[in-house]
Amino acid sequence: MDARQSKRIANTQRAISLREAAQDPSSGHFRALTLFDESSSTVFAARTMVSGCLQDWGFGNLVDDARLVVSELVGNVVHHAVPDACLTQPGAARRIDVLVKAWPGWLFIGVADEDSTPPDLPVGEFVSPELAGDFAEALLPDRGRGLLIVQRLADAVWWSPKSLGGKTVWCRFDLDGTT
């Protein structure tokens with residue numbers, strides 16, 4: 001076997017191993033979907049994409065929690081986000097990016113919008129369950145309940161500003177050794 005043949009075989013084997021790695025969730029995956037809030041099916045489309053990703057990647061046990069998290073995050077953008085002046089175009093719909101990243105040990109979900117205003121992430125418990133008794137519903141906050149749900153379902157929640165304006169709200173699910 002000459003040097004060219006051995007190099008070609010090595011490149012073929014490398015290409016096969018890269019292709020196999022792309023199909024293996026333990027090596028990481030990424031999907032993104034751009035939505036525009038003028039559609040009545042914006043939240044539905046985001047939930048469907050996330051469900052499909054998780055089923056494809058073998059994380060079916062996370063589908064229900066991830067669908068609810070995405071519903072809350074995209075719903076917040078639709079109902080509360082006001083695009084920064086530098087990102088606003090008259091008559092244009094607001095852009096929403098949904099990002100799903102699987103990496104060994106973690107699943108990340110991010111929802112990006114064009115509003116640089118930080119989200120109101122709840123800090124700690126609002127009220128002690130022992131003190132609330134039968135009146136727990138009356139003591140719920142007027143705002144931030146959706147993000148409270150996200151915090152309860154995900155293992156971590158944070159946000160990051162985008163360089164040209166806007167922000168991304170992220171959450172992380174620990175996969176506990178599932179692949």
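Guide: The chain has five helices and five strands; helices (H or I, at least four residues) and strands (E, at least two) are DSSP runs, numbered from the N terminus. Read from the N terminus, the order of elements is α-β-α-α-β-β-α-α-β-β. This is a predicted model, in which local features need pLDDT of at least 70 and side-chain atom pairs count only at pLDDT 80 or more, while totals for chains, interfaces and linings use all residues. Residues are numbered from 1 along each chain as its sequence is written, and side-chain values use heavy atoms, with hydrogens and water left out.

Visitor: What percentage of the 179 residues of the chain count as buried?

Guide: Buried means under 20% relative accessible area, exposed over 50%, and partly exposed in between, with a 1.4 Å probe and protein chains only. Of the 179 residues, 34% count as buried. Contacts give a further view of the chain; a contact means heavy atoms within 4.5 Å. Among contacts in the chain with a separation of 6 or more, 66% are between residues 24 or more positions apart.

Visitor: How many disulfides does the count come to?

Guide: A disulfide is a covalent bond between the sulfur atoms of two cysteines. The rule applied here asks for a pair of cysteine sulfur atoms within 2.5 Å, and by this rule the count comes to zero. Cysteine 53 is buried, at 0% relative accessible area. Cysteine 171 is likewise counted as buried, at 0%.

Visitor: How many salt bridges are counted?

Guide: Side chains of opposite charge can pair when their charged atoms come close. A salt bridge is defined as a side-chain nitrogen of Lys or Arg within 4 Å of a carboxyl oxygen of Asp or Glu. By this rule there are four salt bridges. In one of them, the side chains of aspartate 56 and arginine 31 meet at 2.8 Å, N to O. This pair links distant parts of the chain, since aspartate 56 belongs to helix α2 (residues 42–56) and arginine 31 to strand β1 (residues 29–36), 25 residues apart. Aspartate 56 is exposed, with a relative accessible area of 54%, whereas arginine 31 is partly exposed at 31%.

Visitor: With which residue does lysine 167 form a salt bridge?

Guide: The partner of lysine 167 is aspartate 113, with the closest N and O atoms 3.2 Å apart. Lysine 167 lies in strand β5 (residues 167–174) and aspartate 113 in strand β3, so the pair ties together parts that are 54 residues apart in sequence. Both lysine 167 and aspartate 113 are buried. Another salt bridge joins aspartate 174 to arginine 172, where the closest N and O atoms are 2.7 Å apart. Aspartate 174 is partly exposed, at 27% relative accessible area.

Visitor: How many aromatic pairs does the structure hold?

Guide: A pair of aromatic rings is described by the distance of the centres and the angle of the planes. Rings of Phe, Tyr and Trp (its six-membered ring) pair if their centres lie within 6.5 Å; planes under 30 degrees apart count as stacked, over 60 as edge-to-face and the rest as tilted. The structure holds three such pairs. Tryptophan 106 and phenylalanine 108 form a tilted pair, 6.2 Å centre to centre with 45 degrees between the planes. The pair of phenylalanine 108 and tryptophan 158 is edge-to-face, because the ring centres are 6.3 Å apart and the planes stand at 85 degrees. Trp106, Phe108, Trp158 and Trp170 form one aromatic cluster.
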